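Subject: Structure handover

Hello,

Here is the structure I promised to pass on. Please open it alongside this note; my findings follow below.

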Amino acid sequence: FFVVKDGTVIDLNQHLLYGWFEADSWEFATTFLSFLDLTKPNWTYVPLILAGLQFWKMKISFASKEKIPPTTEKKPFLEKLDQKTMMLYMLPFMVAFFAATLPVAVSLYWGTSTLFAVGQQWMVNRRAS
């Protein structure tokens, strides 16, 4: 987070440079795909994409090979919600809220790692079958 937050301000990180690079001018592009400013939060589609990725990741993580027969027993709605169901549906909303309040670069990092986690979980599920 701090790399994204303060990484483009070279004055804060001047002490990390090698001596022969201190005299060079350092400028970083802070846009991605020419329309996303990586240093500012985005309230439009980036949080929605990240929430979708998180839902997909949770869905395949909870995928089970065993089939549980449906019950005809009537239960109140809150009794039907177990911990897995709450995590499956509430965590993407929380992730979307966090993504909307943090810089876009953090959301891109989070989305990329979630995408790799989806691939990894897919491989694990495939080997387990």
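In which helix is the place of Trp56? Trp56 sits in helix α2. Please keep in mind that the model is predicted.

Start with that tryptophan. Trp56 counts as partly exposed, because its relative accessibility is 44%, and the buried class ends under 20%. Setting aside neighbours within four places in sequence, Trp56 is in contact with Leu115 and Val118. Leu115 is 59 residues from Trp56 in sequence. In space, the two C-alpha atoms are 9.2 Å apart. Val118 is one of the buried residues of α5.

Next, α5 itself. This helix covers residues 104-128. The buried residues of α5 are Val104, Ala105, Val106, Ser107, Gly111, Thr114, Ala117 and Val118.

Ser107 deserves a look of its own. Ser107 is buried because its relative accessible area is 3%, and the cut-off is under 20%. Not counting residues up to four places away in sequence, Ser107 touches Val46, Leu50 and Ala99. A polar atom of the Ser107 side chain lies 3.4 Å from the backbone oxygen of Ala99.

Helix α4 runs over residues 83-101 and has 19 residues. From first C-alpha to last it reaches 26 Å, close to the 27 Å expected. Even so, α4 has a kink of about 35 degrees at Met90, shortly before the proline Pro92. Pro92 is buried, as are Leu88, Val95, Ala96, Ala99 and Ala100 in α4. What do the buried residues of α4 pack against? They pack against α2 (46-61) and α5.

Of the elements, α5 gives the most, with 5 residues.

Best wishes

Methods
Residues numbered from 1 in each chain as written. Predicted model: local features only at pLDDT ≥ 70, side-chain atom pairs only at ≥ 80, totals over all residues. Heavy atoms only, no water. Helix = DSSP H or I, 4+ residues; strand = E, 2+ residues; numbered from the N terminus. Buried < 20%, exposed > 50% of the residue type's maximum accessible area, 1.4 Å probe, protein only. Polar contact = N/O pair within 3.5 Å; in protein donor to acceptor, adjacent residues only side chain to side chain. Contact = heavy atoms within 4.5 Å. Expected span 1.5 Å × (residues − 1). Bend = angle between axes of the 7 residues up to and from the residue.
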